[in-house]
Amino acid sequence: MKFMLITKKDISLIFFMLLWIFSIVFVIYGSLSSRASAEIRRVPVYSVETSEKQVSLTFNCAWTDEGLGTLLKILRDEDVKCTFFFVGDFASEYPEAVRQIHNEGHETGNHSMHHNDPVKQEFSEIVSDIEVCNNLILSLTGVKPSLYRAPSGSYDNKTLEAAESLGMTAVQWDTDSIDWKDPSAEKIMSRVTEKVTNGSIVLFHLGKENTLEALPGIIKYLKGEGFSLVKTGEMLLTGEVYTDNSGRQHRIK
């Protein structure tokens, strides 16, 4: 039987080879970890962590002002203030609608200028798009929006960074009425009432007949459950806050 003799020189060589391999692995792992950290997907505010029974009703205004008079009468009769997110093209076509909504005490938000997908735009294009829409709404209402909602709910990190660079908060929703699919009024009401909770942000769209039919019942239900219906900007937390992975905004304790 033959034995292989391992000299001190061999041991040193093996040691340095292992050290070299571990160094390479460490560098690769560190690079991948840094890349993963840099690419962590950020999220806008979908809801607010609060012990108060508050809910915010929001309306996206993009294509038509049909039914606006009826909608505003419902809100007026129920003494409810909401947040309306305007596409710039809508504001250009229906300036009086924007003014009327503002004059009745509702909050005005930015829903982009042309409803283009921001994920497909460069950072500078998103900033420009938001600014143009902001300035248009400002010219109609005298108030520059502080809230931004991405078109079709489509966003990425640069979308949120673009809004933040303008001092705005990106807001989505945690309760979708799915009125954009034209369901029945009963379906809209069940969707909202079954999901809503403290700090919920509810999504509706202007121009949906079944939403107008469902809305009085939704408001009555929410009030009956002890909820206050407030504008989104009033419900958002101030001071040191963070948004978790689900989009729920928390106060830093």
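Helix 5, residues 123-141, packs against helix 6, residues 157-165, at an angle of about 45 degrees, with the axes 9 Å apart. Helices here are DSSP runs of H or I with at least four residues, strands are runs of E with at least two, and both are numbered from the N terminus. Axes are lines fitted to C-alpha atoms, for helices over the stretch in contact, and angles run from 0 to 180 degrees between N-to-C directions.

This is a predicted model, where local features need pLDDT of at least 70 and side-chain atom pairs count only at pLDDT 80 or more, while totals for chains, interfaces and linings use all residues. Residues are numbered from 1 along each chain as its sequence is written, and side-chain values use heavy atoms, without hydrogens and water.

Back to the pair. Helix 5 and helix 6 are therefore oblique to each other; under 35 degrees would be roughly parallel, over 145 roughly antiparallel, 65 to 115 roughly perpendicular, and the rest is oblique. From helix 5, the contact (heavy atoms within 4.5 Å) uses Phe123, Ile126, Val127 and Ile130. From helix 6 come Lys158, Thr159, Glu161, Ala162, Ala163 and Ser165.

Next, two loop residues. His115 lies in the loop between strand 4 (107-110) and helix 5. Its phi is near 65 degrees, positive in a residue other than glycine. Ile178, in the loop between strand 7 (175-176) and helix 7 (185-195), also is not a glycine and has a positive phi of about 50 degrees.
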